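Trainee: I would like to learn how to read helix packing from a model. Can we work through one case step by step?

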Amino acid sequence: MSAAALAGLLAGFGIAIPVGAVGALLVALTARAGWRTGAGAALGVATADGVYALVAVAGGSALVPLLTPVTTPLRWVSAAVLVALAVRAAWTAVRAYRGDTRPAPGPGSGSGTTTPLRAYLTFLGITILNPMTVIYFAALVLATGPDAPSAPATRTVFVLAAFLASATWQLFLAMGGALLGRTLTGPRGRMVTALASSTLIVVLAVRLVR
């Protein structure tokens with residue numbers, strides 16, 4: 001049981017710690033919208049990682065050949081969503097700096113306000129679009145050979161440990177975003193940071209499809 005927990009923790013941190021476009025977007029969102037919204041987004045990412053860990057231990061080796069043909073299209077969709085979110089964030093920051101504080105319209109957004117639940121669902125969707133996550137977990141499970149979690153109890157421990165590891169790291173990123181947001185007391189600082197983070201997100205999103 002402890003071996004499954006350790007394996008799950010290592011797997012969760014292994015997939016979560018490399019900061020890509022989603023991590024950069026998480027930090028930028030928290031800096032702009034606050035800790036509660038960032039925490040919701042962080043848990044959305046962790047939930048997706050937990051779901052893919054569950055899929056991997058339940059039969060990831062059988063799913064890898066099925067996911068491989070759609071990996072590239074899903075990467076393009078994920079990159080497009082990330083770029084759209086980055087552009088929207090930059091646009092909102094510029095409008096706020098110019099004195100037009102009306103919320104920018106967005107898909108499914110009547111008020112434009114990013115709530116914790118909306119952030120959770122958005123980041124869950126973005127992360128779930130990346131099939132490489134389940135391939136990563138499946139490869140780890142297969143690499144352990146006979147020591148791979150097989151009993152329902154050990155599989156549950158593995159999945160929960162992977163979720164907790166991912167959640168810990170994502171919340172850490174959100175905390176960094178919250179601290180960053182507190183240092184940005186003026187409109188100019190918020191706009192510059194939003195534009196810089198949006199540029200970084202676009203660059204990282206483009207790398208997904210290269």
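Trainee: Is the crossing of α2 and α7 left-handed or right-handed?

Mentor: A crossing is left-handed if the near helix is turned anticlockwise from the far one by less than a right angle, and right-handed if clockwise. The crossing of α2 and α7 is right-handed. Before going further, note the basis: this is a predicted model, in which local features need pLDDT of at least 70, side-chain atom pairs count only at pLDDT 80 or more, and totals for chains, interfaces and linings use all residues. Residues are numbered from 1 along each chain as its sequence is written, and side-chain values use heavy atoms, with hydrogens and water left out.

Trainee: At what angle do α2 and α7 pack, and how far apart are their axes?

Mentor: Two packed helices are described by the angle between their axes and the distance between the axes. Axes are lines fitted to C-alpha atoms, for helices over the stretch in contact, and angles run from 0 to 180 degrees between N-to-C directions. For α2 and α7 the angle is about 40°, and the axes are 7 Å apart. Angles under 35 degrees count as roughly parallel, over 145 as roughly antiparallel, 65 to 115 as roughly perpendicular and the rest as oblique. The two helices, α2 and α7, are therefore oblique to each other.

Trainee: Which residues in α2 and α7 meet?

Mentor: Contact means heavy atoms within 4.5 Å. From α2 come Gly23, Leu26, Val27, Thr30 and Ala31; they meet Gln170, Leu173, Ala174, Gly177, Ala178, Leu180 and Gly181 in α7. This contact divides into 7 nonpolar, 5 polar and no charged residues. Here Ala, Val, Leu, Ile, Met, Phe, Trp, Tyr, Cys and Pro count as nonpolar, Asp, Glu, Lys and Arg as charged, and the others, Gly among them, as polar.

Trainee: Is Gly181 buried or exposed?

Mentor: Buried means under 20% relative accessible area, exposed over 50%, partly exposed in between (1.4 Å probe, protein chains only). Gly181 has a relative accessible area of 7%, so it is buried. Its place is in helix α7, residues 152-183. Gly181 and Ala31 are 150 residues apart in sequence, yet their C-alpha atoms are 3.9 Å apart in space.

Trainee: How do α2 and α5 pack?

Mentor: Helix α2 (residues 21-33) and helix α5 (residues 116-128) pack at about 170°, with axes 11 Å apart. That angle makes α2 roughly antiparallel to α5. Their contact divides into 7 nonpolar, 1 polar and no charged residues. In it, Val22, Leu25, Leu26 and Leu29 of α2 meet Ala119, Phe123, Ile126 and Thr127 of α5. The crossing of α2 and α5 is right-handed.

Trainee: Where is Ala89 found, and which residues does Ala89 touch?

Mentor: Ala89 is found in helix α4, residues 71-97. Leaving out residues up to four places away in sequence, Ala89 touches Arg32, Ala194 and Ser198. With a relative accessible area of 9%, Ala89 is buried.

Trainee: How many helices and strands does the protein chain have?

Mentor: Helices (H or I, at least four residues) and strands (E, at least two) are DSSP runs, numbered from the N terminus. The protein chain has 8 helices and 0 strands. Of its 210 residues, 39% count as buried. Among contacts between residues at least 6 apart in sequence, 85% join residues at least 24 apart.
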